[in-house]
Amino acid sequence: MKKIIAAILCLCLLMGTCVMGVSAAEKVYSLTMGVHKYSVNNTVSDGAGIASVTYVRQKDGSTGSANRLYDIEKGEKFTVTTALKEGQEAYYAFLGWIDMDGVIISHDYTIEVTMDSSKAVFAVYTECADRYVVSYGYSGTGKVSASSDRVSYPGTDCISVLKGASVTFKFTPAKGCYAVYVKVDGQKVSMLGYSLRSLKTAVTDGKIKDVFSAIINYVKFLLGKEATYTIENVQADCTFEVGFMKPYFS
């Protein structure tokens, strides 16, 4: 009889352990959230800088914007919402939500996620198609910067420019150096010709200030000081390059 009771107790203990194991397993679900962005040069990158993803935990009404939530109970529901950050509306459009397999699951800005397994949901945005990528760089010793309506690719020498817009480059030789060439799309351009065109436009428009600016810009170029070059009416991806060098007689 004692052996039977012992066996029953062992069986109960084993069943209790199994139930605890199942219960614990039900609380290991995780929810991953984020933003992906597709740029006009077909690259895909993290989009945390352009849009946000926030959640509401329906169980207790708590909210947040964490990239990942752990230990979620089976059956829990979350309301997940995405929105572009201020000032990004002209540059990106919302495509939809994708899961961890890259499958589109919704085109709505707000979705409901029911946790019957670990899940991942990513809001996908694409850069507006009427924008182009302008790459810039230099050889020798100096620096080049670009001015546009928005720097699109932080950490790279590329910017995004609206179709038909202009982009202005500032280039500064190191001390003792001069800019010996300027290239657009790999072809050398004449700073004298560029300055004369700018001067003609300023005179035609009657903009006295721009007349002096065109003259001063060319003088700075000749003296090895900071000068500028503007690419007007961008209609395609393009490149800009400046070559810096010390004079042979120095």
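Asp 116 is partly exposed at 47% relative accessibility, where partly exposed covers the range between buried (under 20% relative accessible area) and exposed (over 50%), with a 1.4 Å probe and protein chains only. Its partner is Lys 119, and the two form a salt bridge with the closest N and O atoms 3.3 Å apart. A salt bridge is a side-chain nitrogen of Lys or Arg within 4 Å of a carboxyl oxygen of Asp or Glu. Lys 119 is also partly exposed, with a relative accessible area of 24%.

The model is predicted: local features need pLDDT of at least 70, side-chain atom pairs count only at pLDDT 80 or more, and totals for chains, interfaces and linings use all residues. Residues are numbered from 1 along each chain as its sequence is written, and side-chain values use heavy atoms, with hydrogens and water left out.

The count of salt bridges comes to three. Arg 57 and Glu 76 form one of them, at 2.8 Å from N to O. Arg 57 lies in strand β3 (residues 51-57) and Glu 76 in the loop between β5 (68-72) and β6 (77-84), so the pair ties together parts that are 19 residues apart in sequence. Strands (E, at least two residues) and helices (H or I, at least four) are DSSP runs, numbered from the N terminus. Both Arg 57 and Glu 76 are buried. For Glu 76, the relative accessible area is 5%. Glu 76 also meets Lys 59 in a salt bridge, at 3.6 Å from N to O. This pair links distant parts of the chain, 17 residues apart: Lys 59 sits in the loop between β3 and β4 (62-64), Glu 76 in the loop between β5 and β6.

The protein has three helices and 18 strands. Of its 250 residues, 34% are buried. Contact means heavy atoms within 4.5 Å. Among contacts with a separation of 6 or more, 69% are between residues 24 or more positions apart. The accessible surface comes to about 14,900 Å², and carbon and sulfur atoms hold 59% of this area. Accessible areas come from the Shrake-Rupley method with a 1.4 Å probe; for residues, only the protein chains shown count as cover.

Ile 50 lies in the loop between β2 (44-46) and β3. Ile 50 is buried, at 4% relative accessibility. Leu 84 is 34 residues away from Ile 50 in sequence, yet their C-alpha atoms are 6.0 Å apart. Beyond its neighbours within four places in sequence, Ile 50 contacts Lys 37, Leu 84, Lys 85, Gln 88, Tyr 92 and Tyr 125.

Pro 173 belongs to strand β14 (residues 167-173). Its relative accessibility is 8%, and Pro 173 counts as buried. Between the C-alpha atoms of Pro 173 and Gly 224 the separation is 6.1 Å, although the two are 51 residues apart along the chain. With neighbours within four places set aside, the contacts of Pro 173 are Thr 141, Gly 142, Tyr 178, Ala 179, Gly 224, Lys 225 and Phe 244.

Helix α2 (residues 191-205) contains Ser 195. Ser 195 is buried at 6% relative accessibility. A polar atom of the Ser 195 side chain lies 2.8 Å from the backbone oxygen of Met 191. Leu 222 is in helix α3 (residues 208-223). At 47% relative accessibility, Leu 222 is partly exposed.

The structure holds zero disulfides, a disulfide being a pair of cysteine sulfur atoms within 2.5 Å. Cys 158 is buried, at 19% relative accessibility. Cys 238 is buried as well, with a relative accessible area of 9%.

Conventions: A polar contact is a pair of N or O atoms within 3.5 Å; within protein, one must be able to donate a hydrogen and the other to accept it, and residues adjacent in sequence count only if both atoms are side-chain atoms.
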